[in-house]
Amino acid sequence: AVRGTKAVLEAAAKQKPGVKRVIVTSSVCAIHDMNRKQPPKHEQYCEEDWNEVSEMPAEAYWVSKVQAERTAWQLAGELGLDLVTILPNFVLGPIFSEQQTGAVSVGFMKGLLESPASKEFKGGWLVNDVRDVAAAHILAAENPAAKGRYIVSQPQ
């Protein structure tokens with residue numbers, strides 16, 4: 001995740017002034033850990049929070065999201081890029097190609113739906129429709145006032 005983030009920001013910097021702003025898809029995983037061991041700074045998690053407790057290997061995805069977003073902010077500062085990050089929860093939506101049926105989120109939902117009825121379902125997820133996440137990216141790109149990090153989520 002870090003390597004890809006660096007490559008995108010470095011490529012954007014080479015295209016200045018044509019690139020006005022870079023929008024990076026991060027995740028709420030960069031805000032809180034898997035089990036929410038780290039309390040929010042305020043009443044609920046917000047854009048000011050950073051996940052400081054996830055560790056390898058148990059929360060590798062969470063760690064990668066934190067590292068990638070921190071890299072994005074560091075490089076954006078060094079390269080003079082206007083950066084906005086979008087932090088969605090679990091993203092689901094229409095599948096546009098047969099190749100996407102092996103995607104992690106599709107496999108996760110398929111496993112959940114096909115699990116034996118006797119298997120107890122514990123927990124819950126806040127889910128984002130991919131079209132809402134796409135709309136957030138467009139707003140962040142088109143609105144000159146957009147700055148910083150934006151959580152894209154349904155209310156709890």
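The model is predicted, and residues are numbered from 1 along each chain as its sequence is written. Local features need a pLDDT of at least 70, side-chain atom pairs count only at pLDDT 80 or more, and totals for chains, interfaces and linings use all residues, while side-chain values use heavy atoms, with hydrogens and water left out. The pLDDT is the predictor's confidence in each residue, on a scale from 0 to 100. Its average over the protein is 89, and 90% of the residues score at least 70. Elements are DSSP runs numbered from the N terminus: helices are H or I runs of at least four residues, and strands are E runs of at least two.

Three strands form an open sheet in the order E1-E2-E5, with parallel pairing. Two strands are taken as paired if DSSP finds at least two bridges between them. In general, strands of a sheet pair through backbone hydrogen bonds, either parallel or antiparallel. The edges of this sheet are strand E1 (22-25) and strand E5 (148-152), each of which pairs on one side only. From one strand to the next, the twist averages 20 degrees. Four bridges, in the parallel sense, connect E1 with strand E2 (residues 83-88). Ile23 stands opposite Val84 in E2. Helix H2 (residues 60-79) lies across E1, E2 and E5 and runs at about 165 degrees to E2. Axes here are lines fitted to C-alpha atoms, for helices over the stretch in contact (heavy atoms within 4.5 Å), and angles run from 0 to 180 degrees between N-to-C directions.

Six salt bridges were found in a search of the whole structure. A salt bridge is a side-chain nitrogen of Lys or Arg within 4 Å of a carboxyl oxygen of Asp or Glu. One of them joins the side chains of Arg70 and Glu52, at 2.7 Å from N to O. This pair links distant parts of the chain, with Arg70 in helix H2 and Glu52 in the loop between E1 and H2, 18 residues apart. Relative accessible area (1.4 Å probe, protein chains only) sorts residues into buried, under 20%, exposed, over 50%, and partly exposed in between. Arg70, at 35%, is partly exposed, whereas Glu52, at 56%, is exposed.

The side chains of Arg149 and Glu69 also meet in a salt bridge, with an N to O distance of 2.7 Å. Arg149 belongs to strand E5 and Glu69 to helix H2, 80 residues apart. Both residues of this pair, Arg149 and Glu69, are buried. A further salt bridge, at 4.0 Å from N to O, is formed by Lys147 and Asp82. Lys147 is in the loop between helix H4 (130-142) and E5, and Asp82 is in the loop between H2 and E2, 65 residues apart. Asp82 is partly exposed, with a relative accessibility of 25%. Through shared partners, salt bridges join Arg21, Asp82 and Lys147 into one network.

Leu92 is found in strand E3 (residues 90-92). Its relative accessible area is 22%, so Leu92 counts as partly exposed. Leaving aside residues up to four places away in sequence, Leu92 touches Ser105, Met109, Val127, Asn128, Asp129 and Val130. The C-alpha atoms of Leu92 and Val133 are 9.7 Å apart, and these two residues are separated by 41 residues along the chain.
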